[in-house]
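Here are my notes on this one, in numbered points. Have the coordinates open while you read.

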Amino acid sequence: MLDLILRDAVTPDGARVDIACKDGRIAEIAAKIDAEAGEVIEAGGYLVTPPFVDSHFHMDATLSFGLPRVNESGTLLEGIALWGELKPQLTIEALKERAHELCRWAIAKGTLAIRSHVDICDKRLLAVDALIEVRKEIKPYINLQLVAFPQDGYLRDPNAAEQLSRALDKGVDVVGGIPHFERTMEEGAQSVRALMAIAGERGLLVDMHCDETDDPNSRHIETLNAETVRHGMQGRVAGSHLTSMHSMDNYYVSKLLPLMKKAGVAAIANPLINITIQGRHDTYPKRRGLTRIKEMLGMGIPLALGHDCVMDPWYSLGSHDMLEVAHMAVHVGQMTGMDEMRAMFDAVTTGAAAILHLDGYGLDAGCQADFLVLQAHSPVEAIRLRPARLYVIRRGKLIATTPPVASQLDLDGKQHSVDFTRTARQ
Ligand code: FE2
């Protein structure tokens, strides 16, 4: 007997299907499955999708809003100063408690894979130890990937090189970096070369905060592309943020993007954070600061979107909802074409899963039985409504439910039920 059957759901491609699960995997996906199962869930024609994937997050800082004080200006620089004030006060218990709370929020919103950067510029490596424990404890529910992130600069912080190496020895998964924060452009490039060599030797994936600045001359992405080719690491490297590209000369970008495509370097944009943090020194016109996602997609450069922050020194808002991220990308990136909106949905699901090298991700037979049902009928409607995650299924088991949203109106004695979905027009 099957463990679970989901009946009458619509896939992101518009197919009406049943999904059968056995031993944690999708046993069959077909128009109609006649079989018995321990649990049957009626999707009622709503959208089923593989889980959301957050490809860029900072779990060591999350939910620390107000500790030790709030970011009054909302700027990046006050955020970095605030994080510096908070770091000495961190404890493993508090870090874990906040991380687990965030993971529960993520599960409720249907996000079952998160790549989190973890700051290694603390001699105690408390956050590394805490998040390695969380990664193990949360594994039944969330794939948590950790990136060794030298927040204070790999070369600028005299202890970062040794600590990054210790963090990787402890089992952190991915090599990070922050070349634009090094003291000079040359040292930024040098840090990229050093970190790529480490990743090459250890056989690890790379994800660097890269050119997260409004400076059009911040061009570490070109070094990242070149080093990726030199080490033969195509498909294993991501540049996060890449906001300087928004300000770069168009001619230079026309050379840069084909090199990025050839190197197989992925882009991870963080629209919620970059629309609030970039362009702060501008008067008007004011730059949006999001990297060139439209042009990247046009060229077939792998793209994912990350949440980056939730209630931390840099961003006081958020509930860890990847549909909010996609919604913001649609607006800031002017991605309002139907295919473009659909691409933004992919950037928080399948596109992100590919960049993270997630194993068994998808809605095909043989994949992990991880999926969710949304109170919407299509990816575009999901972005429009950011609707209730009706059912969240992990390894063939129902792990979270949210009741459908419906408002009841009484207008001059006439009753109306409103749920905001509009199938016919989508
Ligand atoms: Fe970040």
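Where is the place of Leu63? Leu63 sits in the loop between β6 and α1, and point 2 comes back to it.

1. Ground rules. This is a predicted model, where local features need pLDDT of at least 70, side-chain atom pairs count only at pLDDT 80 or more, and totals for chains, interfaces and linings use all residues. Residues are numbered from 1 along each chain as its sequence is written, and side-chain values use heavy atoms, with hydrogens and water left out. Helices (H or I, at least four residues) and strands (E, at least two) are DSSP runs, numbered from the N terminus.

2. Leu63 has a positive phi of about 60 degrees although it is not a glycine. At 17% relative accessibility Leu63 counts as buried (buried is under 20% relative accessible area, exposed is over 50%, partly exposed is in between, with a 1.4 Å probe and protein chains only). As a reminder, most residues other than glycine have a negative phi, and most peptide bonds are trans.

3. The Tyr284 to Pro285 peptide bond is cis, with omega near 0 degrees; Pro285 is in the loop between α8 (271–277) and α9 (293–299). His357, not a glycine either, has a positive phi of about 60 degrees. You'll find His357 in the loop between α12 (350–355) and β14 (371–374), and at 39% relative accessibility it counts as partly exposed.

4. The iron site. Which residues are the protein donors of the iron ion? They are His56, His58 and His209, each through NE2, plus Asp308 through OD, lying 2.2 to 2.5 Å from the ion. Donors here are N, O and S atoms within 2.8 Å of the metal (3.2 Å for Na, K and Ca), and water is not among the atoms, so sites may look incomplete. The angles among the four donor atoms run from 83 to 173 degrees, and the site is irregular. For that label: four donors count as tetrahedral if all angles lie between 85 and 135 degrees; four count as square planar and six as octahedral if opposite donors are over 155 degrees apart and all others between 65 and 115; anything else is irregular.

5. Spacing of the donors. Along the sequence the pattern reads H-x1-H-x150-H-x98-D. His58, in the loop between β6 (52–57) and α1, and His209, in strand β10 (residues 205–210), link distant parts of the chain, 151 residues apart. Both His58 and His209 are buried.

6. Helix α1 (residues 76–86). Its buried residues are Glu78, Gly79, Leu82, Trp83 and Leu86. Seen down the axis of α1, they fall within an arc of 140 degrees, so they line one face of the helix (the arc is that of the directions from the helix axis to the C-beta atoms). The buried residues of α1 pack against β7 (111–119).

7. Helix α3 (residues 126–138). The 13 residues should span 18 Å at 1.5 Å a residue, and the end C-alpha atoms are 18 Å apart, which agrees (the expected span is 1.5 Å times one less than the number of residues). Among the buried residues of α3 are Leu126, Val128, Leu131, Val134, Arg135 and Ile138. The cover over the buried residues of α3 includes α2 (92–108), β7, β8 (143–149) and α4 (160–170).

8. Cysteines. Cys121 is buried, with a relative accessible area of 9%. The Cys309 sulfur is 16 Å from the closest cysteine sulfur, in Cys103, too far for a bond.

9. Leu323. This residue belongs to helix α10 (residues 322–332) and counts as buried at 0% relative accessibility. Leaving aside neighbours within four places in sequence, Leu323 is in contact (heavy atoms within 4.5 Å) with residues including Phe52, Phe345 and Ile383.

Methods:
A disulfide is a pair of cysteine sulfur atoms within 2.5 Å.
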